[in-house]
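Please examine the structure shown below together with its sequence.

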Amino acid sequence: MSHALSALVAGPVLTAADPGYAEEVAGFNTAFQHAPDVVVGATSTQDVVEAVRHARTHGLPVTVQSTGHGAHESIGGGVLISTARLDQVELDAASPTVTVGAGVRWSQVIDAAAPYGLAPISGSSPNVGVIGYLLGGGLGPLARSHGYSSDRLESATVVTGTGEVVEASADGDAELLWALRGGKHGLGVVTQARVRLAHVPALYAGNLTFAEEHIPAAVRGWLAWTREADPSVTTSVVVLHLPEVEQLLPHLRGARLATVHVAVPGDSATAERLVAPLRALAPVAADTVGPMALTDVGAIHGDPTEPGAELDAGRHARPGRRRARGRLARAGRSRRHAPVRGGRAAARGGCDVAGPARGVGRGGAPGALHGGGARHRPAAVRRDAAGRPVGLRRAGTVDRGGAQPELRGGGAGGVAARDRGAPGDRPPPDRPGRPLRPRPLTDREGIPPSRTGGDGIHLRTPPGRPAQVPQWSRDRGARRARRHPGTTTRDTVPPPDRWSTMLTELDTQVVGPVMSSVDPRLADEVAGFDATIAHTPDVVVGAVTTADVVAAVRWARAHRMPVAVQGTGHGTRTPVTSGLLITTWRLDQVRVDRQQGTATVGAGARWADVIDAAAPLGLMPVGATEPSVGVVGFLLGGGLGPFARSHGFSSDHVERCTVVTGTGELVEAGTGGDHELLWALRGGKHGLGVVTEMRLRLARVPSLYGGYLAFAGEHVPTVVRGWLAWTRQADPAVTTNLTIVHTREDGGFRTQPQARTLAVLFVARPGAADDGARATAPLRALAPAVIDTLAPMPLTDIAEMHGESMEPGPTWVRGAMLSGADQALAEAWLAHAGTADGHPFSGMQLRHVAGATALDVPEGSAVAGRGAQYTALLVGQDPALFAAMPEAADRILGALDPWLTAEVNPNFAGESGGVWPADVADRLAAVRRRVDPDGLFAPRL
């Protein structure tokens with residue numbers, strides 16, 4: 001049975017007899033020893049889907065573990081899904097939100113958010129897993145000022161007990177989101193969550209420690225102080241019984257102490273005044289309270305970071321207010337265990353006293369006891385006239401029927417009784433207690449509703465239009481009729497009711513929107529950057545997860561339908577007129593790992609997103625010159641950007657890719673995965689599967705010198721000749737390109753001088769300003785410049801250096817690779833440069849490459865054009881002239897024939913496609929046959 005499961009998931013599948021089993025099942029809490037029948041180390045949401053479906057098929061219970069902090073009993077039998085590998089962190093400082101995988105710990109979020117003056121409303125222990133903590137509500141060091149941690153949960157990706165992937169959010173399954181905010185167990189496996197961050201520009205925090213003889217005075221005084229405490233101050237008191245171990249100083253072995261933990265967001269002067277009464281409770285043996293870096297918030301409580309045995313027994317301090325907990329205990333048919341009564345483990349042999357907070361489980365309790373101590377929380381519970389709390393609801397389950405696997409344990413999924421948000425949030429309306437309703441399977445016409453806030457698939461034929469028959473099926477039928485004269489096209493075309501059934505089947509398998517060709521939303525969904533290319537596929541899937549892509553590809557394969565993919569639409573050359581089109585622009589996550597110097601990006605991310613995330617950390621992607629270009633499509637073709645000469649092809653910096661193959665398998669290309677596929681993805685462009693995520697190595701660029709020089713039309717010949725001569729001895733760290741720009745009366749270059757023909761020289765050099773100015777001084781001397789922006793520049797401005805439009809518009813391009821350039825090439829180029837009047841191209845660009853672009857990565861790549869010294873690119877933006885451009889391009893590039901290389905990089909090839917050396921082309925073809933044996937993927941989108 002484990003062998004069958006191994007074939008379905010990318011992560012490890014282990015039984016007790018396999019090496020690594022013990023390490024895989026071990027959690028943080030070593031008091032519990034787990035012995036499942038099989039453990040799945042999930043590496044993606046799709047792994048979780050397959051594991052749950054497998055368990056459901058075989059009638060096995062399912063348990064989930066991330067860090068193992070939340071374990072409250074040993075696990076025996078069934079399937080254990082380990083989510084520790086789902087450790088991606090994606091920060092959006094503008095929102096401000098963070099999107100985290102199920103294996104992320106609070107320390108990772110704190111480290112990512114702190115440089116932006118942001119903080120998560122996290123747990124007191126930075127080593128605790130984010131998801132499990134949130135699903136239980138979560139009381140942390142900022143609880144009184146910002147509420148329960150779960151109040152900030154905005155959305156979650158959940159795998160239900162039926163193996164469906166559901167998006168729980170305000171626009172998706174809002175009822176499931178309500179349930180996930182604090183009820184802990186039984187509603188599925190949360191694989192990803194988006195959490196709202198708090199702006200915390202300053203923090204005043206630390207500990208006050210009192211000796212044993214002052215414990216009574218400290219505890220009594222603290223409790224009295226809390227009754228009038230400022231709501232911005234969060235405190236807890238812990239009575240510690242230290243063990244007699246050699247690791248402690250002699251005078252601390254076996255000692256009893258009382259420690260008051262303090263956290264106040266805000267300026268130090270105000271916080272000092274608010275905390276002063278605590279310092280006066282009794283003589284203080286140790287005082288660490290003061291200004292604190294946000295990254296040190298985990299040190300306030302000093303919780304252990306190494307695994308150990310923990311037992312937790314906690315309950316709210318006010319008796320008789322257990323009504324809400326009892327209702328939650330009765331909720332959910334999939335739960336077999338009693339509700340977890342504790343919050344944070346008291347493994348230190350001490351007592352943590354907490355006491356009134358805003359948030360989940362608001363049963364009127366002003367404090368929560370953990371092993372005999374208390375934490376202070378603000379009272380913010382709405383009550384009726386009799387003093388009873390209102391707005392608490394009973395949660396149910398999304399597991400349907402009795403055949404589903406049991407979902408239990410360790411922060412996998414949960415139910416919640418969320419009633420209010422954090423201070424300042426708009427509270428949701430009260431709703432009477434009722435069971436959680438499963439989402440309806442179909443609407444009244446039998447069509448599943450959209451799970452992204454839309455109104456489902458549009459299958460109804462508009463008045464006056466014939467019933468829909470997919471174009472892909474008509475094409476396939478016509479081909480079959482030609483091969484087999486005894487058949488007709490009609491014999492091979494599914495009737496409209498069958499087509500509707502097929503689309504309904506697809507919609508039940510994906511989270512994102514599904515649109516047929518008659519859906520009014522389709523035009524906006526498939527619109528790419530080039531507005532002149534109109535796609536008319538038979539069906540579109542707007543992927544919101546990798547699992548959506550897997551399901552869409554498998555569906556297309558089952559129905560022998562061709563598949564095309566579109567991210568931002570910059571690379572589109574040929575309209576998609578049939579089959580399935582998967583749009584990936586919603587997969588736009590960007591996660592930067594400052595320590596590793598990498599960025600992990602989704603298939604819909606643009607270079608502007610990566611630059612904005614990396615630049616504040618002194619890091620830069622080796623990306624495109626145009627910030628609106630999609631990352632993945634650019635890298636698949638190799639990619640030559642503003643750092644090409646100093647850092648090489650952009651694809652040289654790709655370390656790992658997550659790919660859905662033509663068979664619907666999820667494959668990791670890279671270290672520990674498919675090395676040959678990674679080789680192909682570094683420049684092989686098309687037909688290699690659907691890349692849903694990439695990890696890139698970033699460049700450490702502490703400073704940047706760059707900009708552009710613009711020269712008037714009369715100086716164009718002098719500048720072209722002089723620049724080409726300069727490039728022969730150019731500093732290898734300097735990347736330049738020279739573009740002859742033809743502006744028009746109704747628009748033109750970003751800074752529009754009076755001239756209508758310009759020579760614009762773009763320059764980028766990473767490094768010190770003095771070195772950059774010295775290296776580029778000869779360029780300033782070429783001719784008088786009408787615009788000179790060369791100067792030290794912020795890293796974030798590299799995206800705007802070329803002044804290219806971020807808005808979609810018509811574009812026609814064709815390019816070539818050049819083996820060299822001399823004065824003869826300069827004259828050939830100038831002979832065809834023309835003038836603004838009647839010239840079909842708005843830009844004619846020569847780019848100096850060579851340098852690092854000539855050096856392949858040690859493990860090799862499929863990039864075409866490493867031998868090129870220069871590139872030539874022709875760009876047109878006037879649709880009225882598009883018809884004349886192919887002939888004009890043939891004429892211009894034909895004049896450059898003596899310098900053209902045999903190889904053509906696909907990113908420069910335009911409609912003609914890339915050209916690789918014969919051995920590389922054969923190797924690419926072999927990889928394509930392996931990952932797409934049925935030829936599913938449409939060529940050259």
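A residue is called buried when its relative accessible area is under 20%, exposed when over 50%, and partly exposed in between, using a 1.4 Å probe and protein chains only. This is a predicted model, in which local features need pLDDT of at least 70 and side-chain atom pairs count only at pLDDT 80 or more, while totals for chains, interfaces and linings use all residues. Residues are numbered from 1 along each chain as its sequence is written, and side-chain values use heavy atoms, with hydrogens and water left out.

Strands (E, at least two residues) and helices (H or I, at least four) are DSSP runs, numbered from the N terminus. In a regular strand the side chains alternate between the two faces of the sheet. One side of β35 carries Thr757, Ala759, Leu761, Val763 and Arg765, the other carries Leu758, Val760, Phe762, Ala764 and Pro766, and both faces are covered.

Which strands pair with β35 in the antiparallel sense? Two strands are said to pair if DSSP finds at least two bridges between them. Strand β33 (residues 704-712) runs antiparallel to β35 and is joined to it by 9 bridges; here Tyr705 stands opposite Arg765. Strand β34 (residues 735-742) is also antiparallel to β35, over 8 bridges, with Thr736 opposite Val763. Arg765 and Val763 both belong to the buried side of β35 that begins with Thr757.

A separate description applies to an open sheet of 5 strands, whose order is β26-β27-β31-β29-β30 with antiparallel pairing. Its edge strands, β26 (590-593) and β30 (666-670), each pair on one side only. On average, neighbouring strands of this sheet are turned by 15 degrees against each other, direction ignored.

Attention now turns to a helix pair. Helix α20 (residues 716-727) packs against helix α22 (residues 823-831) at an angle of about 150 degrees, with the axes 10 Å apart. Axes are lines fitted to C-alpha atoms, for helices over the stretch in contact, and angles run from 0 to 180 degrees between N-to-C directions. Angles under 35 degrees count as roughly parallel, over 145 as roughly antiparallel, 65 to 115 as roughly perpendicular and the rest as oblique. The two helices, α20 and α22, are therefore roughly antiparallel to each other.

Contact means heavy atoms within 4.5 Å. On the α20 side, Val716, Pro717, Val720, Arg721, Leu724 and Ala725 meet Gln823, Leu825, Ala826, Glu827 and Leu830 of α22. This contact has 8 nonpolar, 1 polar and 2 charged residues, where Ala, Val, Leu, Ile, Met, Phe, Trp, Tyr, Cys and Pro count as nonpolar, Asp, Glu, Lys and Arg as charged, and the others, Gly among them, as polar.

Most residues other than glycine have a negative phi, and most peptide bonds are trans. The peptide bond from Ser95 to Pro96, however, is cis, with omega near -10 degrees; Pro96 is in the loop between β5 (89-92) and β6 (97-101). Arg560, which is not a glycine, has a positive phi of about 50 degrees and lies in the loop between α15 (546-558) and β24 (563-566). Ala850 likewise has a positive phi, near 55 degrees, and is in the loop between β39 (843-848) and β40 (870-876). Arg560 counts as exposed because its relative accessibility is 60%, whereas Ala850, at 8%, counts as buried.
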